[in-house]
Amino acid sequence: MGEFWPVTDVLAHLGGSWRVERSVRDLASGAEGRFTGTTVFGPLEEPGSPHGLLHRESGTFVWQGTPRPAERALRFLPGPSPATALVQFSDGRPFHDLDLSTGRYVADHPCAADLYRGEFTVRDENRWRTVWRVGGPAKDLVLTTDYTRLS
């Protein structure tokens with residue numbers, strides 16, 4: 001295959017457990033951090049919610065030498081085609097669309113005065129990456145996350 005691996009069914013592809021390694025760079029200060037942990041994409045089991053996946057991430061975030069437990073949750077809902085998904089924060093607020101039909105997608109998420117621009121790339125059935133560039137009056141960050149399938 002080419003540089004990217006097309007995904008025909010996003011929710012089926014993401015389901016399961018993934019090893020997560022994320023680097024966080026503050027371009028303004030030069031500070032760096034690292035997150036290591038796991039992400040589990042399991043069934044979204046909320047009454048009245050459409051069929052989808054609950055993304056639960058947990059691990060350790062080390063920022064300037066200080067480790068802290070870290071976790072987050074996102075909701076991945078079916079999009080207009082199987083190759084797409086609608087990503088929401090855990091409270092249901094919209095985050096971004098996702099279309100992996102070509103194996104690569106760029107999404108924007110405006111947040112107050114900041115802009116989050118994420119690039120999603122799928123390398124093969126067991127590896128994918130996100131790179132978020134965050135810019136605004138108080139932020140100048142690059143977050144690079146590599147996912148490797150565990151199950």
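Strands β1 and β2 form a hairpin with five residues between them, strands being DSSP runs of E with at least two residues, numbered from the N terminus. In the turn of this hairpin, G30 has a positive phi of about 85°. The structure is a predicted model, in which local features need pLDDT of at least 70 and side-chain atom pairs count only at pLDDT 80 or more, whereas totals for chains, interfaces and linings use all residues. Residues are numbered from 1 along each chain as its sequence is written, and side-chain values use heavy atoms, with hydrogens and water left out.

V24 has G33 in β2 as its bridge partner. Strand β1 also pairs with β10, in the antiparallel sense, over nine bridges. Here the bridge partner of R22 is T145 in β10.

Strand β10 spans residues 140-149 and contains Y147. At 3% relative accessibility, Y147 counts as buried, a class that requires under 20% relative accessible area (1.4 Å probe, protein chains only). Residues up to four places away in sequence left aside, Y147 touches W18, R19, V20, R22, T39, H55, E57, R72, N126, R127, W128 and T130, where contact means heavy atoms within 4.5 Å. V106, by comparison, is 41 residues from Y147 in sequence and 17 Å from Y147 in space, C-alpha to C-alpha.

Strand β7 (residues 104-111) is joined to β8 by eight bridges, and the two run antiparallel. P110 stands opposite L115 in β8. The hairpin of β7 and β8 has two residues between the strands, and A112 in the turn has a positive phi of about 55°. On to β9, β8 is connected by a hairpin through two residues. Nine bridges join β8 to β9 in an antiparallel arrangement, with Y116 opposite V134 in β9. T121 lies in β8 and is buried, with a relative accessible area of 5%. Beyond its neighbours within four places in sequence, T121 is in contact with F4, G103, R104, W128 and R129.

The largest nonpolar core has 23 residues, of which F76, L98 and W128 touch the most other members. Such a core is a set of buried Ala, Val, Leu, Ile, Met, Phe, Trp, Tyr and Cys residues joined through side-chain atoms within 4.5 Å. Elements giving two or more residues to this core include α1 (10-14), β1 (16-26), β4 (66-78) and β9 (127-135).

The largest pocket has a volume of about 550 Å³, taken as the space filled by probe spheres set on the grid points, which are joined across faces, edges and corners. On a 1 Å grid over the protein atoms alone, a pocket is an open set of points where a 1.4 Å probe fits, with protein on both sides within 12 Å along at least five of seven lines; lining residues have an atom within 4 Å of a point. Of the 28 lining residues, R22, E57, R72, W132 and L143 are the closest to the centre of the pocket. Strand β4 gives the most to the lining, with five residues. By class, the lining has 19 nonpolar, five polar and four charged residues; Ala, Val, Leu, Ile, Met, Phe, Trp, Tyr, Cys and Pro count as nonpolar, Asp, Glu, Lys and Arg as charged, and the others, Gly among them, as polar.

Terms used: Helices (H or I, at least four residues) and strands (E, at least two) are DSSP runs, numbered from the N terminus. Buried means under 20% relative accessible area, exposed over 50%, partly exposed in between (1.4 Å probe, protein chains only). Two strands pair if DSSP finds at least two bridges between them.
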